[in-house]
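Keep the viewer open as you read.

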Amino acid sequence: MAEADQTIDGNLLAAKSLAHFGVEHMFGVVGIPVTSFANRAVSLGIRFIAFHNEQSAGYAASAFGYLTHRPGVLLTVSGPGCVHGLAGLSNAMINSWPMVLISGSCDQNDVGRGDFQELDQIEAVKPFSKFSIKAKRVSEIPNAVAQVLHWSASGRPGGCYLDLPSDLLHQTVTIAEAEKLLSAAETFFINATPETHVSGVEKTVSLLRNAKRPLIVFGKGAAYARAENELKKLVESTGIPFLPTPMGKGLISDTHELAATAARSLAIGKCDVAFVIGARLNWLLHFGEPPKWSKDVVFILVDISEEEIELRKKSVNVGAGLAGDAKCVLESVNKAIKDEPFCLGKSHPWVEELKKKVKDNVVRLEAQLARDVVPFNFYTPLRIIRDAILAVGSPAPVVVSEGANTMDVGRAVLVQTEPRTRLDAGTWGTMGVGLGYCIAAAVASPERLVVAVEGDSGFGFSAMEVETLVRYQLSVVVIVFNNGGVYGGDRRSPEEIDGPHKHDPAPTSFVPGAAYHTLIEAFGGKGYLVGTPEELKSALSESFSARKPAVINVIIDPYAGSESGRLQHKN
C-alpha cells in the first residue's frame with residue numbers, strides 16, 4: 001500500500017492540524033477520550049505540559065497566549081474537564097488574551113442518553129468564548145482547528161473553543177486526504193494584522209501639544225502589542241509623564257524619571273489630557289470618571305476594538321479615538337510628532353509638580369521599607385525580595401503576584417524594569433492564577449527566572465502544581481506570605497463569634513504556621529522556612545542561584561494585613 005493510501009485517525013489528524021498551524025505547546029489534563037490525541041501531539045514535536053487541575057492548566061494557557069502573542073492551547077476531557085477549563089477560558093476573554101480550549105466530548109450517537117461525562121459543551125462555553133465550533137466528522141478537524149486559532153488572535157484577542165467528539169477521534173482518513181484537508185484549511189487561517197485607522201492621529205497630536213497637564217497611560221494591551229519601543233520614544237520625545245496599569249509596568253522601566261506611578265492620584269486627578277493606550281477605562285482606572293479623574297479631562301483612546309472606544313464615549317469625554325494595534329498606532333503618532341516636534345521639558349510646571357510628589361511619596365515609602373520589622377509585616381520581606389530581584393539584572397525575572405495584601409503592597413514595592421515581567425490577578429481580579437502563570441512564564445521564557453510572590457490563600461488554589469514545577473524542572477521560586485488565612489486569619493468581632501458553630505475556625509482562617517515549604521519537598525524540590533531578614537536573604541540567594549523549583553515559606557504577623565477587595569491606590 002502506498003503511503004498516501006495509508007490511514008490516520010482523528011487523534012493524529014488533530015495533532016497534525018495543531019502542528020501545521022504553528023502550535024508548539026499545549027497545557028492540560030488528559031484522560032478519556034483525549035489521551036491518544038495528547039500523545040500524538042507530543043510525537044509531532046508539540047510540548048505538552050501536564051497539570052493536576054484543569055483550572056491551573058487553563059490559567060497557564062491564557063497567560064501563555066499573552067506572553068507569546070500566540071494562542072495558548074488547553075486540552076481537557078469532556079464534561080467536568082471542560083467545565084474546569086472554563087476558568088482559564090473566561091480569564092482569557094476578560095483579559096483579552098488569545099487562548100483555545102479543546103475538549104473531548106461524548107460519542108455523538110449517545111447524545112441525550114446520559115453518556116459518560118455528557119454535556120452540551122458548545123452551549124456551556126458560549127458566555128466565556130468569542131467563537132466555538134464542534135467538528136462532527138473527521139474531515140472537519142483541520143478547518144475547525146484553523147478557525148479557533150485564527151479567531152482567538154484576531155481583533156480583540158480572547159478565548160475560543162473546539163469540541164472533538166470521541167467517535168470522531170477514531171474515524172480515519174487517508175494520508176493523502178489529510179494533506180488536502182490541511183492545505184484547504186489554510187484559507188481559513190488568516191494571520192491578520194489588525195487594521196490601524198490613522199484618521200485620529202492629527203487630532204491626537206494637537207490635543208497633546210496644547211495640553212497643560214498631559215498624561216500617558218498604558219496597559220497590558222500595549223504590552224501584548226509589543227509597543228514598548230514606540231511608547232518610550234513617545235515619552236522621551238514629548239517629555240510627557242506616564243502611568244502604567246499594574247500589568248503595563250515594565251514597558252518603560254519603573255525607574256524612569258517620567259514615571260508617575262508613585263504620584264498616581266495626583267496624575268489622574270489633575271491631568272487635562274489622558275492618552276490611554278491599550279488599557280480600558282474599567283474599574284482599574286476608575287472608569288475615567290470623577291472624583292478620581294478631573295471632570296474636565298479629555299481622553300485619547302487607543303484600543304484594538306472600535307466598539308470599546310464607542311462604548312467609552314457614552315460616559316467620558318473622548319477627544320480622539322484610534323482603533324488598531326497599539327504598536328502601529330504609536331508609530332503613526334510618533335511620525336506625526338517628529339514632523340512638528342514639541343517637548344514639555346524638565347522644568348515644565350506639570351512635570352515638576354509630579355516629580356516632587358513622586359519624590360515625597362518614594363521617600364515616605366522607603367522610610368517604611370528601611371525598617372526591619374520582626375515578626376514580619378508585608379513591607380520588610382517585600383523590600384528584601386525587591387532587592388534580590390533587581391540584583392538578578394537582565395533578563396529580569398518574571399514576577400507573578402496574587403493575594404490581597406501581598407499583591408496590593410507588592411505592586412507599590414516591587415519594581416519592573418522590562419516588558420511583560422509582571423503577571424497578576426488582572427482585569428478580573430482572579431485568585432488562583434499563580435502556579436499556572438508561573439508555569440506559563442517558565443515555558444514561554446526559559447531564559448528568565450520566575451518568582452511568584454503569593455499570599456497563602458492565593459497559593460492554596462493551585463499549590464499541588466508545585467509537583468508540576470519539579471516534574472518539568474522549571475526555574476520557578478514560589479514565595480508564600482504565610483499569615484494564617486485570608487487577610488490574616490480570624491478577624492471577627494466578638495459579636496460575630498456566636499451560634500452553634502462558633503468554635504469552628506473563622507471562614508478566613510487556615511492552620512497557623514502551615515508548613516507550605518514541605519509540600520514541594522515531598523516531590524524532590526527545595527523548601528525554605530524563614531522568619532527573619534537574614535533567613536529570607538539567604539533563601540533568596542540560594543534559590544535564585546540554583547534556578548530550581550523551590551518554595552519559600554515566609555511567616556508573616558497575622559495582624560499585619562487588612563481586608564482588601566479592590567486594588568488600593570493611595571499615592
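UniProt positions are given here in the numbering used for this chain, feature names are shortened, and an annotation may be inferred rather than shown by experiment. With that in mind, remember also that you are looking at a predicted model. The UniProt record, an unreviewed entry, places the feature "domain: Thiamine pyrophosphate enzyme central" at residues 201–331. In the model, that span is 35% helix and 19% strand, and its end C-alpha atoms lie 10 Å apart.

Inside this span you can find Thr-245, in the loop between strand S10 (242–244) and helix H12 (264–270). Is Thr-245 buried or exposed? Its relative accessibility is 11%, and because anything under 20% counts as buried, Thr-245 falls in that class. Setting aside neighbours within four places in sequence, the residues in contact with Thr-245 are Phe-218, Gly-219, Lys-220, Ala-279 and Leu-285.

Now for the helix pairs. Two packed helices are described by the angle between their axes and the distance between the axes. Take helix H6 (residues 141–153) and helix H8 (residues 175–185): they pack at an angle of about 30 degrees, and their axes are 8 Å apart. Angles under 35 degrees count as roughly parallel, so H6 is roughly parallel to H8. The crossing of H6 past H8 is right-handed. On the H6 side the contact is made by Pro-142, Asn-143 and Ala-146, and on the H8 side by Leu-181, Leu-182 and Ala-185.

Next, look at helix H15 (residues 349–370) and helix H16 (residues 379–392). How do their axes cross? The axes of H15 and H16 come within 8 Å and cross at roughly 100 degrees. Since 65 to 115 degrees counts as roughly perpendicular, that is how H15 sits relative to H16. H15 brings Leu-365, Glu-366, Gln-368, Leu-369 and Ala-370 to the contact, while H16 brings Tyr-379, Arg-383 and Arg-386. The residues here divide into four nonpolar, one polar and three charged.

Our last stop is Ala-515, which belongs to the loop between strand S17 (476–482) and helix H21 (517–521). Ala-515 has a relative accessible area of 39%, so it is partly exposed. From Ala-515 to Arg-547 is 32 residues in sequence, and their C-alpha atoms are 22 Å apart in space.

Methods: Residues numbered from 1 in each chain as written. Predicted model: local features only at pLDDT ≥ 70, side-chain atom pairs only at ≥ 80, totals over all residues. Heavy atoms only, no water. Axes fitted to C-alpha atoms, helices over the stretch in contact; angles between N-to-C directions. Helix = DSSP H or I, 4+ residues; strand = E, 2+ residues; numbered from the N terminus. Parallel < 35°, antiparallel > 145°, perpendicular 65-115°, else oblique. Left-handed = near helix turned anticlockwise from the far one by under 90°. Contact = heavy atoms within 4.5 Å. Buried < 20%, exposed > 50% of the residue type's maximum accessible area, 1.4 Å probe, protein only. Nonpolar A, V, L, I, M, F, W, Y, C, P; charged D, E, K, R; others polar.
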